[in-house]
Amino acid sequence: MRRLLAVIAGLVVLVVGGVLSTDGLQRNAVQGALAEELRVSVPLAGTPRVLVDGYPFAWYAARGSFPAVAVVAEGMPMDLGDIPVQFADVDFVLEGVQRR
């Protein structure tokens, strides 16, 4: 019986460790994809930095909602009517982000 409990405990540790170790990889992949999508679809001077909040990431991804997503970008040219405007630093936080 002790051997069975030790095997089960070992498997639980391996599964939890695997989930936690891949958490950062999953988060980085999604943040990179979001940054690239923003770079392509929004007039930014460069690729923005995207930070997705929520730990563990896989839990929030499975639920389809995140506490917050922060975007940091350098340079965002815009036209306000006939007036060209250049925003030097663009930082914004989206709270309660839901997947569509």
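Buried means under 20% relative accessible area, exposed means over 50%, and partly exposed lies in between. With that scale in hand, Glu 36 counts as partly exposed, because its relative accessibility is 35%. Welcome to this predicted model, whose protein chain has a mean pLDDT of 86.

**Confidence**

- In the protein chain, 98% of the residues reach a pLDDT of 70 or more.
- Confidence is highest in strand S1, at a mean of 94.
- Helix H1, which covers residues 2-41, has the lowest confidence, at a mean of 85.

**The nonpolar core**

- The largest nonpolar core is built from 8 residues: Ala 35, Val 50, Val 52, Phe 57, Tyr 60, Phe 66, Val 69 and Val 71.
- S2 provides the largest share of the core, with 3 residues.

- Side chains of opposite charge can pair when their charged atoms come close.
- Searching the whole structure turns up 2 salt bridges.
- One of them links Arg 27 to Asp 23, with 3.4 Å between the closest N and O atoms.
- Arg 27 and Asp 23 are 4 residues apart in helix H1, so about one helical turn separates them.
- Asp 23 is buried, because its relative accessibility is 3% and the cut-off is under 20%.
- Arg 27 also falls under that cut-off, with a relative accessible area of 13%, so Arg 27 is buried.
- A salt bridge also joins the side chains of Arg 39 and Glu 36, at 2.5 Å from N to O.
- Arg 39 and Glu 36 both sit in helix H1, 3 residues apart, or about one turn of the helix.
- Arg 39 is partly exposed, at 34% relative accessibility, and Glu 36 is partly exposed at 35%.

- Beyond its salt bridge with Asp 23, Arg 27 touches Val 52, Asp 53, Gly 54, Tyr 55, Pro 56 and Phe 57, not counting residues up to four places away in sequence.
- Two of these contacts, Tyr 55 and Pro 56, are joined to each other by a cis peptide bond, with omega at about 0°.
- Pro 56 is placed in the loop between S1 and H2.

- Met 1, Leu 4, Leu 5, Ile 8, Val 12 and Val 16 make a nonpolar surface patch of about 610 Å².
- Val 12, one of the patch residues, is found in helix H1.
- The relative accessible area of Val 12 is 46%, so Val 12 is partly exposed.

- Ser 65 lies in strand S2, while Val 97 has its place in strand S3 (residues 83-98).
- Ser 65 touches Tyr 60, Val 97 and Gln 98, again not counting residues up to four places away in sequence.
- With a relative accessibility of 11%, Ser 65 counts as buried.
- Val 97, at 22% relative accessible area, is partly exposed.
- Counted in the same way, the contacts of Val 97 are Gly 64, Ser 65, Phe 66 and Val 69; Phe 66 and Val 69 are among the core residues.
- Val 97 and Ala 68 are 29 residues apart along the chain, and their C-alpha atoms are separated by 6.1 Å.

- Val 42 is found in the loop between H1 and S1.
- Val 42 counts as partly exposed, with a relative accessibility of 23%.
- A distance of 9.6 Å separates the C-alpha atoms of Val 42 and Pro 77, which are 35 residues apart along the chain.

Key. Residues numbered from 1 in each chain as written. Predicted model: local features only at pLDDT ≥ 70, side-chain atom pairs only at ≥ 80, totals over all residues. Heavy atoms only, no water. Core = buried A, V, L, I, M, F, W, Y, C linked by side-chain atoms within 4.5 Å. Buried < 20%, exposed > 50% of the residue type's maximum accessible area, 1.4 Å probe, protein only. Helix = DSSP H or I, 4+ residues; strand = E, 2+ residues; numbered from the N terminus. pLDDT = per-residue confidence, 0-100. Patch = residues over 30% accessible without salt bridge, like charges linked within 9 Å, V, L, I, M, F, W, Y side chains within 5 Å. Areas by Shrake-Rupley, 256 points an atom, 1.4 Å probe, with all protein chains shown as cover. Salt bridge = Lys/Arg side-chain N within 4 Å of Asp/Glu carboxyl O. Contact = heavy atoms within 4.5 Å.
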